[in-house]
Every structure is written in C-alpha cells, then in structure tokens.
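Reader: I have a model open and want to learn how to read it. Where do we begin?

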Amino acid sequence: MGDLSEFSLPIRMFLRGYRWRVVDPVPWAPLRVPLARARLALFSSAGFVMPGQPAFDEGIRGGDPSFREIPSDADPAALVDTHRSESFDHAGMQSDPNLAFPLQRARELALRGRIGSLNHRHWSFMGSITAPGRFVAETLPRMAADALADGVQAALLVPV
Amino acid sequence: MCNQAVCLAAAELERNGISTVALVLLRSVAERVRPPRALALPFRHGYPLDAPNQPERQHAVIEAALRLLETPAERGPLLVDYEPAPPARPA
C-alpha cells in the first residue's frame, strides 16, 4: 500500500497537517448503460502534455490548476512528462506513459468490447495542487461540461 | 495531492451524471476526501498501474476498477482495496 513513508520528512509533516477537501454530500451516478455500450474517458493527474502543448507550471503558488486535452489517437510514447514534483519516481511513467495515462490500454478495452467506445479526447492535469480553489471552481466544471458534451458516460481517473 | 485531485475530479464528474472510478495510491486520502468510487492500490507513487511495459498487469488494475464501476450500489462512497494476483508458480 502506498503510504506517507514514501515521502521526505518535510512532505510527511506537511501532509499530516494538511486540511483535505471533503466531498459532502457524495454524488452518485450509476452506469446507465452496460459498460460494453458506454463511452469512456481518461483523466490523469500525471502532468503529461502533448508535444507542442505548454508544460504545467510548478511555479504557480498552490499548484497549476490548468488542464490539457489529449486526443484519443495520440501516440502514448509521445506524451511528455511535465510533472515537476520530485516526491515520486518518474522513471516508470517516462519509460511507459500508459503507467499513468493508460491510453493504449483503453484502446485495447474498446477493441475487446469491454467498453463501448473511447472518447475522442481525454484530460490531463498536474495533481500537486495544494490550494485547489481554482481547480475546483473553474477547471473541474469545465472538464466535466466538456466530457458531458462529448457524451462521456464513464471515467477512469488515475493519480501518480 | 495527486490523490486528492483525482478524487475531487471524480466527484465533479459524478455530479454531472458521469459514472467514475478513481484509482488512489493513499487509502487514507480517499477515506478523508470521499470520492464516489475508489480503488486503493498497493503501489508506490509514480506507479499507479503497477509496472511499466507490463500490459497484462496494467489491464488487471483497470479491470478491477471497471468491476467497481459496475458494482450495483445505491450510494457511495465505495472504497475497495486492489489485490494483485499472486505470481504464477514456475512449471
């Protein structure tokens, strides 16, 4: 199990005193269609960008609240790791971006018929957001509205 | 922080009627933040889908998440621990 012991002492102390956001009430949207007919989208906090897209900015106080769209036909190997955190090992996801942005795995699910289809775009953000006010108030509603407009019915969310 | 971010994103999507399942690398964060459905992973940060260049192991994690997504329930939060399959014994 991942636990706080992975992190340096300053990060552990910060996390122990951190006031986590609480989802209350917990929203609940059961699948309305079988997964084999549902459209799936990916959301990853691993900070990947497409070549040519601006990197996420670690210099923004409280964390960069922006997102990047990743097209479904992107080459996973071309994704660029711009997550600036040094609190985890980047080697695995740099070797294989599917480890934290499982685009190829999701395509395989669609080919097998495990999911109905894969959305034409997916969403990437950088999860090291200590002050998530703008992320919650602006970024998330925009991503959700875009996903809803695309007809997304199911979402897999991946941290790093 | 990554765990909190995906949990909050899951909640917003779910408020909009999109069914979600979030992977989490810190169970304690999911217990506090309370995303609708979460699969707690036994892997270190940086390795949410187990191992790089191991499609079957990555698919095993995703399949467990999809099964959670398909779990009939009337309300959340649902928080389930992922249990990797034991390594195959040599023949």
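Predicted model: local features only at pLDDT ≥ 70, side-chain atom pairs only at ≥ 80, totals over all residues.

Reader: Now the helix itself. Which residues of helix 3 of chain A are buried?

Author: Burial is a neighbour count: 20 or more other C-beta atoms within 10 Å makes a residue buried. In helix 3, residues 103-112 of chain A, that holds for A:Leu103, A:Arg105, A:Ala106 and A:Leu109. Seen down the helix axis, these buried residues fall within an arc of 160°, so they line one face of helix 3 of chain A. On the other side, A:Leu111 and A:Arg112 are exposed.

Reader: What covers the buried residues of that helix?

Author: Look in both chains. The cover includes strand 1 (39-44) and strand 5 (117-118) of chain A, together with helix 3 (55-70) of chain B.

Reader: On to the interface. How many residues of chain A are in contact with chain B?

Author: Count contacts from each side. Here 55 residues of chain A meet 55 residues of chain B. Helix 4 (133-149) of chain A is one of the elements that supply at least two residues to chain A's side. Helix 4 gives the largest share, 8 residues. By class, chain A's side holds 36 nonpolar, 11 polar and 8 charged residues.

Terms used
Residues numbered from 1 in each chain as written. Chains lettered and ligands numbered in written order. Contact = placed C-beta atoms within 7 Å. Helix = DSSP H or I, 4+ residues; strand = E, 2+ residues; numbered from the N terminus. Nonpolar A, V, L, I, M, F, W, Y, C, P; charged D, E, K, R; others polar. Buried ≥ 20, exposed ≤ 12 C-beta atoms within 10 Å, placed from the backbone. Arc of directions from axis to C-beta.
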